[in-house]
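Colleague: Before we open the model, could you take me through how its features should be read, one at a time?
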Amino acid sequence: MSNRLYFDNAATSWPKPDCVYATIDRYQREVGAAAGRGGYTAAVEAQRIVSAARRGCAKLLGARDPDRIVFTANGTDALNLAMHGILRKRDHVVTTVAEHNSVLRPLASAEEQLGVSVEFVNCDEQGYLDLKQLESTIDDSTDLVVVTHASNVTGALQPLKAIAAIVKNSRALLLVDAAQTAGHVSIDVEALGIDLLATSGHKGLLGPLGTGILYVREGIETRLNPTRQGGTGVDSQSKQQPDQMPERYEAGNLNVPAIAGLGAATEFLISEGTERIAAHEQELTKQLLTGLEAIPGVRVYGPPAGMSRVGVVSFTAEAYDPQELAAAVDAAASLQCRAGLHCAPRMHQAIGTHETGGTVRLSIGWATTPQQVEAALAVIAAVVGT
């Protein structure tokens, strides 16, 4: 579908860089072995591929030790490992109304099964967190603070440096959901003092589906219990999961074809420069916001152009159900976007769109062009105007 207008990069990025496709194909055709499961040439090559991908992810996130990077099935899997691995009975958690169900549902499960108490920090109408409320909600009993770096509904980019500083004044650990920021903006986990950071590998990091990452700060592994046990290729004589990183959390065979693609994607991002990609996406986001605001009957949610945000833009149109509008623009010109609550019900409650079915969301990617943005705006204007 070469004529498709793809604006669903917040769900998964498309297209991928050519090197991602080529690397996966080479692995499947020429290597094909499991990583860490043998000493023959192909198995060693598979392990080399995984190690290279781990180094690339660590470099992009500012982690000096690649072994602090744990590969998971996706961002949700990484968040589940972080929360279920850290939380104990009757712990106290502070989180926000901006969170995705990948945070909300594990916490709801912890409330039911462990008696964990969860408090939510509000945001303003643009989606920015109330930092004063965050600071007052964290107390001596708080064990974990979970914050999304950028909303998958409004695109609001939270002030992570200020948030980390607030959390560091307490005994709590900080878990960051970077699903909408990793690869889109620069992140330095060590400079910020982040304890745990979870992200998908298939969104801004440009890898294939089936990839995720959990960064674990040094020393946190003593508090983070594995949530799966099994073969790791090391300490096979022991009935216990090994203590060493990252094998402690990587039970079973890794998804090496997808990790190979993720490794190629990180090389691409490092070569291109996250700052350059971020600048490109910011320009297109400004173009998209300006164009949407000029269409009669359209209301845009989230921060305006020029404020701290990522390329995730939500809007509604008068007399249109969001799902109907998304289906209409797809039928009209293969404009592919996502409508509904975006797995973030509390965020939609906060901006007043929950009861009306959510919003239509357009999300920019590394390969989006100004011409595609103009084409998308023309389609929306034509459909809304009919």
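Colleague: Where is the place of P246 in the chain?

Modeller: This is a predicted model, in which local features need pLDDT of at least 70 and side-chain atom pairs count only at pLDDT 80 or more, while totals for chains, interfaces and linings use all residues. Residues are numbered from 1 along each chain as its sequence is written, and side-chain values use heavy atoms, with hydrogens and water left out. P246 sits in the loop between β8 (212-216) and α8 (256-272), where helices (H or I, at least four residues) and strands (E, at least two) are DSSP runs numbered from the N terminus. The peptide bond leading from M245 into P246 is cis, with omega near 0°.

Colleague: Which peptide bond is cis with omega near -5°?

Modeller: That is the bond from W14 to P15, and P15 belongs to the loop between β1 (5-6) and α1 (18-31). A319, in the loop between β10 and α10 (322-333), shows another backbone feature, a phi near 70°, which is positive in a residue other than glycine.

Colleague: How should I read the domains, and which residues does each take?

Modeller: The bounds come from an automatic or database domain assignment, which here gives domain 1 as 5-15 + 273-385 and domain 2 as 18-272. Their C-alpha centres lie 27 Å apart, and the contact (heavy atoms within 4.5 Å) takes 36 residues from domain 1 and 37 residues from domain 2.

Colleague: How much area do domain 1 and domain 2 bury between them?

Modeller: The size of an interface is often given as the accessible area lost when the parts come together. For this pair the buried area (accessible area lost, 1.4 Å probe, summed over both parts) is about 3000 Å², with 55% of it on carbon and sulfur atoms.

Colleague: How many salt bridges are counted between domain 1 and domain 2?

Modeller: With a salt bridge taken as a side-chain nitrogen of Lys or Arg within 4 Å of a carboxyl oxygen of Asp or Glu, the count between the domains is one. R276 forms a salt bridge with E272, and their closest N and O atoms are 2.7 Å apart. On the side of domain 1 that touches domain 2, the elements giving two or more residues are α9 (274-293), β10 (312-317) and α11 (345-351).

Colleague: What does UniProt list for residues 6-375?

Modeller: An unreviewed UniProt entry lists them as "domain: Aminotransferase class V", and such annotations may be inferred rather than shown by experiment. Over this range the chain is 39% helix and 15% strand, with its end C-alpha atoms 11 Å apart.

Conventions: Buried area is the accessible area (1.4 Å probe) that two parts lose on being put together, summed over both.
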